[in-house]
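Reader: I'm new to protein structures and I'd like to learn how to read one. Can you walk me through it?

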Amino acid sequence: MNNMVSALWAYRGFVLGSVGREFQSKYRNSLLGAAWTILNPLAMVTVYTVIFSSVMRAKLPGMDDSFAYSIYLCSGVFTWGLFAEITGRGQNVFLENANLLKKLSFPRLCLPVIVVFNATLNFGIVFGLFLLFLLLTGRLPGLPLLGLIPVLMIQITFSIGLGITLGVLNVFFRDVGQFFVILLQFWFWFTPVVYPITIIPEHFRGLLMFNPMAPIIGAYQGILVNGRWPDWQSLLPVTLLSLLLCVLAIRLFRKRSGEMVDEL
Amino acid sequence: MGSIHVNHLGKAYKQYFTRWSRLAEWLRPFSGVRHHSNWILQDINFTVQPGEAVGIVGINGAGKSTLLKLITGTTQPTTGHVEITGSVAALLELGMGFHSDFTGRQNVFLTGQLLGLSAAEITELMPQIEDFAEIGDYIDQPLRVYSSGMQVRLAFSLATARRPDILIVDEALSVGDAYFQHKSFGRIREFRNAGTTLLIVSHDRQAIQSLCSRVILLDDGRVSKEGEPEAVLDYYNAMLATRQNQMVRQHEHEDGRVQTISGTAEAQIDDIGLYTAKGEKVKSVRVGEQVELRVHVVINADLPELVFGYQIRDRLGHVVYGTNTYYLDSRLTQLRRGERITYSFTFLANLGPESYSISSALHASNSHVIANYEWRDLSVVFNVVNIDSPAFVGTAWLPPHLECSRG
């Protein structure tokens with residue numbers, strides 16, 4: 001474990017450089033350049049806030065604020081996006097870099113780390129704009145905002161563990177990748193992101209217990225919509241699951257990384 | 001610093017019986033093996049001492065590239081292990097990790113870090129990398145406007161920016177144009193002289209002979225021969241022609257060198273020698289003297305076609321000159337068993353003072369690769385001595401006419 005970390009540290013220049021390169025390469029050769037990094041997320045935030053609050057007049061049950069549903073939606077959609085990006089790209093990271101893995105000798109874990117950094121960077125921009133919007137409209141929750149940090153950390157840990165596990169498995173069984181794309185769709189709609197939890201019929205609500213993303217997304221919504229600290233106890237199972245997944249991922253990666261190169 | 005120890009190294013790829021076999025093996029680890037191993041390399045043992053230069057030769061599929069990948073650590077061995085001391089640079093796939101949308105400079109930074117250099121080191125090495133690649137202002141242009149030669153120049157300059165303890169080269173000696181080839185070859189030679197250990201895979205006999213002190217021949221995933229370059233390369237050369245029922249013999253020549261004779265023996269040399277204009281058989285020739293290479297051939301089976309060729313090689317085995325009767329427009333056809341043929345090649349020994357050998361070959365068409373009747377290395381060994389010409393260096397005798405004027 002220790003030497004994995006020190007190998008990564010030795011290649012930090014490469015990791016950071018790759019993150020920068022990937023970020024830049026999206027907007028290379030465009031006239032507006034870096035402006036696109038803002039414009040794209042800005043459009044998303046605008047659609048979710050203005051359109052849903054003013055045009056569709058969507059209301060969150062039990063809330064008077066016309067922006068409440070928009071904020072509810074944004075806090076779920078953006079954070080879910082981070083989860084989907086890390087796992088979705090993580091499961092393909094080894095396949096996509098097959099050439100590099102086969103021909104050069106470097107710490108392989110650099111690749112998923114680059115994915116995580118990139119996804120977090122993209123998320124940071126969108127979410128930053130969203131927080132800016134909250135600030136401008138005077139809806140920024142006070143201190144409970146700090147609660148976002150531990151929840152994000154839990155979510156990222158969960159995503160990394162899942163992403164690397166899927167990434168390794170996908171090299172050997174390509175079905176994993178196909179299956180996860182479908183699973184992610186169902187998973188999204190089985191998590192109260194777009195709809196409030198109260199919509200789910202009472203006797204099905206218990207099933208949400210088995211959805212590790214539900215308490216995480218719920219925590220974000222609680223912080224941003226109601227200005228309420230997260231319910232730490234509800235986050236305990238997913239925290240344990242995240243750590244377990246990470247251990248599993250590292251073990252799987254260690255055991256199979258040699259064989260992986262042969263399969264690519 | 002800079003040694004490689006390869007111990008019982010083996011590599012096998014798994015071939016599963018069905019698509020489900022792997023899953024079955026993973027889920028029920030004790031239910032037995034559901035694949036068979038396809039061995040690419042088996043039981044490879046050798047040591048490369050610090051400062052030594054070793055060449056690896058073998059036909060396509062012999063396992064050369066796999067061996068290099070195991071040594072550089074890209075691929076994990078199935079059995080055995082590799083021990084390496086010192087820093088390693090590998091010229092396996094030049095330009096790996098380059099991104100066409102970014103400038104040469106940006107690519108050097110990122111790929112350099114991928115190769116294990118730090119940003120500070122790259123900054124320091126950058127002028128020298130630019131200088132060696134000689135691509136001028138292109139360094140700040142995106143890579144997609146580069147010619148392939150320019151990319152390779154940049155990649156080579158980056159990969160060899162810092163002298164490693166061990167340099168591993170896979171067929172990368174022939175990069176870029178002739179000018180850059182000389183330059184890159186010069187750099188490898190420079191590294192070698194400075195103490196870098198070299199491991200080279202190449203099909204280029206000249207390159208291997210001029211750099212390596214030892215050669216390993218891989219055949220079908222095993223080390224089939226190892227030793228002094230000339231002997232191993234001659235054996236390999238003979239083996240190339242030995243795809244049919246040919247035999248290869250090697251024995252020690254009178255001067256202690258190993259002579260290789262191979263071929264199907266449908267035609268054989270009965271006698272071969274170098275003669276002076278007076279008809280004396282000689283082992284020593286004056287610079288520029290007229291000599292005759294006289295060859296007697298016996299035909300052991302009816303043959304549709306016969307070509308005789310020879311190469312004059314210098315002390316290191318480099319070919320100084322070679323030709324054959326195909327190129328000279330006098331191949332023979334419809335030969336009968338028992339026929340005897342005499343060839344006589346008269347030429348001026350415009351060679352520098354040194355020791356030379358002649359390799360001879362009897363074959364059909366223009367090379368010995370398709371039908372090799374007899375290939376014989378060290379058929380004739382002779383010396384060129386400078387008795388009456390002005391002193392000079394080199395293997396060629398190109399006396400100039402000099403005019404010199406002052407003021």
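This is a predicted model: local features need pLDDT of at least 70, side-chain atom pairs count only at pLDDT 80 or more; totals for chains, interfaces and linings use all residues.

Reader: Now the helices. How do I describe the way α8(A) and α12(A) cross?

Author: Look at how close the axes come, then at the angle. Helix α8 of chain A covers residues 148-172 and helix α12 of chain A covers residues 232-263; their axes come within 7 Å and cross at roughly 30°. Angles under 35 degrees count as roughly parallel, so that is what α8(A) is to α12(A). The crossing of this pair is left-handed.

Reader: Which classes of residue make up that contact?

Author: The contact of α8(A) with α12(A) has 19 nonpolar, 5 polar and 2 charged residues.

Reader: Let me try another pair. At what angle do α8(A) and α11(A) cross?

Author: Helix α11 of chain A is residues 213-226, and its axis comes within 10 Å of the axis of α8(A), with a crossing of roughly 160°. Over 145 degrees counts as roughly antiparallel, and therefore α8(A) and α11(A) get that label. Their crossing is left-handed.

Reader: Which residues meet there?

Author: On the α8(A) side you have A:Leu148, A:Val151, A:Ile154 and A:Gln155, and they meet A:Ile216, A:Ala219, A:Tyr220 and A:Ile223 in α11(A). By class, this contact has 7 nonpolar, 1 polar and no charged residues.

Reader: What about the two chains? How many residues does each one put into the contact?

Author: Chain B contributes 21 residues and chain A contributes 19 residues. On the chain B side, α1 (21-27) and α3 (104-114) each supply at least two residues. The most comes from α3(B), with 4 residues. The side of chain B that touches chain A splits into 9 nonpolar, 9 polar and 3 charged.

Reader: Last one: how is chain B divided into domains?

Author: Note that a domain can be made of separate stretches. Domain 1 of chain B is 4-87 + 204-227, while domain 2 is 253-385. Taken over C-alpha atoms, the centres of these two domains of chain B are 38 Å apart.

Conventions. Residues are numbered from 1 along each chain as its sequence is written. Chains are lettered from A and ligands numbered from 1 in the order in which they are written. Two residues are in contact if their C-beta atoms, placed from the backbone, lie within 7 Å. Ala, Val, Leu, Ile, Met, Phe, Trp, Tyr, Cys and Pro count as nonpolar, Asp, Glu, Lys and Arg as charged, and the others, Gly among them, as polar. Domain bounds come from an automatic or database domain assignment. Axes are lines fitted to C-alpha atoms, for helices over the stretch in contact, and angles run from 0 to 180 degrees between N-to-C directions. Angles under 35 degrees count as roughly parallel, over 145 as roughly antiparallel, 65 to 115 as roughly perpendicular and the rest as oblique. A crossing is left-handed if the near helix is turned anticlockwise from the far one by less than a right angle, and right-handed if clockwise.
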